[in-house]
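Colleague: Please take one part of this model and go through it closely. I would like the helix packing and the pocket beside it, with every cut-off given.

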Amino acid sequence: MTYRSSWMTGELDIFRETFRRYLSTNLSPRAGRWRADKMIDRNAWLALGEMGALCPDVPEEYGGLGGTFAHVAAVIEDLEYELPEMALPVAVHNAIVAQYVMHFGSHEQKQRWLPGLVTGQLIGAIAMTEPAGGSDLRALRTRASRKGNAYVLNGSKTFITNGQVADLIIVAAKTDPDQDTKGISLLMLESKGSGGFRRGRNLDKIGMHASDTSELFFDNAFVPAENLLGSEEGRGFYQMMEILPKERLAIAVSAVASIERMIQLTTDYAKDRKAFGKPILEFQNTAFVLAERKSEALIARVFLDWCVERAIKGELDQVSASIAKYWTTDKQCETADECLQLHGGYGYMNEFEIGRRYLDARIQRIYGGTNEIMKLLIARSL
Ligand SMILES: Cc1cc2nc3c(=O)[nH]c(=O)nc-3n(C[C@H](O)[C@H](O)[C@H](O)COP(=O)(O)OP(=O)(O)OC[C@H]3O[C@@H](n4cnc5c(N)ncnc54)[C@H](O)[C@@H]3O)c2cc1C
């Protein structure tokens, strides 16, 4: 049985074949170094830019390939299969930061930032979460006060992916503290030349070791008024609600790719590893666990593809994206646990990919809106 995603095209087949080969021969050998450094080197970003893998849906007039969300999904999948260390950092860059600029930026803003995001000269980050809370975005405290031709930012953010390296950071801040959601705006902070902006620690996580995660501090940080995303203050909450479904779908794309990879890894291992004189795949328990996981993976894949098609058409809704994010990431964690178990003691070793995937999977249920928040959003549609 072979299944092909409905959104795949011949052109994407060619791109993906070259891209995967490049990843496995040129970049994957560097992943161990990145995990030790807790950081991906900048040259890797530039290399992805050259491959056309950064922001592939940016229109040609802004330096992109003029692709669709299919290209964005394909890049995340290929990274998740071949180089999972870069899947999250690039998903933040491609499926979040570039999307905000493309959807809400003025023509001047697009001209200023999109070409750099496409080449990798600019690395993007988004800073919503604060030390006091991430789920309740309305309660954010970072304040942006207008002073003449600039905003002065005060406050702090935490858990920010790409925070150590980002050149362009979307900061969610209150421009009007007397308003609720209508008081939130998104400011594009350019790290070079923004006095008062400081990166904090590269946080020590239990997994996702190559992806840097930071605290960010704003102490009278200066952001020119023209860096307000869109032309009006107070649109930030609405803008986040518009893009969050794509962010959640991107998480689901990586979840399903990781599930597929873990099943493949474990099937290969179970054919090879012997116990009591036969391959462990011949034990009914092993075969049934993998049969169950394979069934779920295909069910997840079909629903995911339906969501990707809707995203390509611009029709992805909040509830479908929440279902995709919650269900696939729950399944990813269950699959990681079962597949690790089938590897026995080797599964617990950092040098085995399955062990790393087990640790990396856990955050997927938390960021992008926790799975509890996903269920709240789904429940509202009942
Ligand atoms: C590796 C990593 C990368 C990240 N990258 C980014 C990034 O790039 N940018 C960014 O802005 N943030 C990022 N985050 C932050 C992430 O999005 C938040 O951690 C997440 O949204 C949860 O917020 P919180 O940690 O404050 O938990 P809290 O909001 O304090 O939630 C704690 C618990 O309470 C539950 N809960 C909260 N409210 C409700 C409710 N109403 N009903 C039921 N349960 C509820 C939650 O589900 C959770 O289980 C990242 C986090 C990590 C760990």
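Modeller: Helix 7 passes helix 8 in a left-handed crossing. Left-handed means that the near helix is turned anticlockwise from the far one by less than a right angle; clockwise would be right-handed. Helices (H or I, at least four residues) are DSSP runs, numbered from the N terminus. This is a predicted model, where local features need pLDDT of at least 70 and side-chain atom pairs count only at pLDDT 80 or more, while totals for chains, interfaces and linings use all residues. Residues are numbered from 1 along each chain as its sequence is written, and side-chain values use heavy atoms, with hydrogens and water left out.

The angle between helix 7 and helix 8 is about 155 degrees, and their axes are 9 Å apart. Axes are lines fitted to C-alpha atoms, for helices over the stretch in contact; angles run from 0 to 180 degrees between N-to-C directions. Helix 7 and helix 8 are therefore roughly antiparallel. The classes are: under 35 degrees roughly parallel, over 145 roughly antiparallel, 65 to 115 roughly perpendicular, the rest oblique.

Helix 7 also packs on helix 9 (residues 318–342), at about 25 degrees and with axes 8 Å apart. Helix 7 and helix 9 are therefore roughly parallel. Their crossing is left-handed. The contact of helix 7 with helix 9 holds 15 nonpolar, seven polar and three charged residues. Here Ala, Val, Leu, Ile, Met, Phe, Trp, Tyr, Cys and Pro are nonpolar, Asp, Glu, Lys and Arg are charged, and the others, Gly among them, are polar.

Now the pocket. The second largest pocket holds about 790 Å³ of space. A pocket is an open set of points on a 1 Å grid over the protein atoms alone, where a 1.4 Å probe fits, with protein on both sides within 12 Å along at least five of seven lines. Grid points are joined across faces, edges and corners, and the volume is the space filled by probe spheres set on the points. Its lining has 25 residues, and closest to the centre are Tyr3, Tyr81, Glu260, Gln264 and Arg301. Lining residues have an atom within 4 Å of a point. Helix 1 (10–27), helix 4 (69–82), helix 7 (236–272) and helix 8 (284–312) each give two or more residues to this lining. Helix 7 gives the most, with six. By type, the lining has 10 nonpolar, four polar and 11 charged residues. Domain 1 (10–122) and domain 3 (237–379) both contribute, so the second largest pocket lies between them. Those bounds come from an automatic or database domain assignment.
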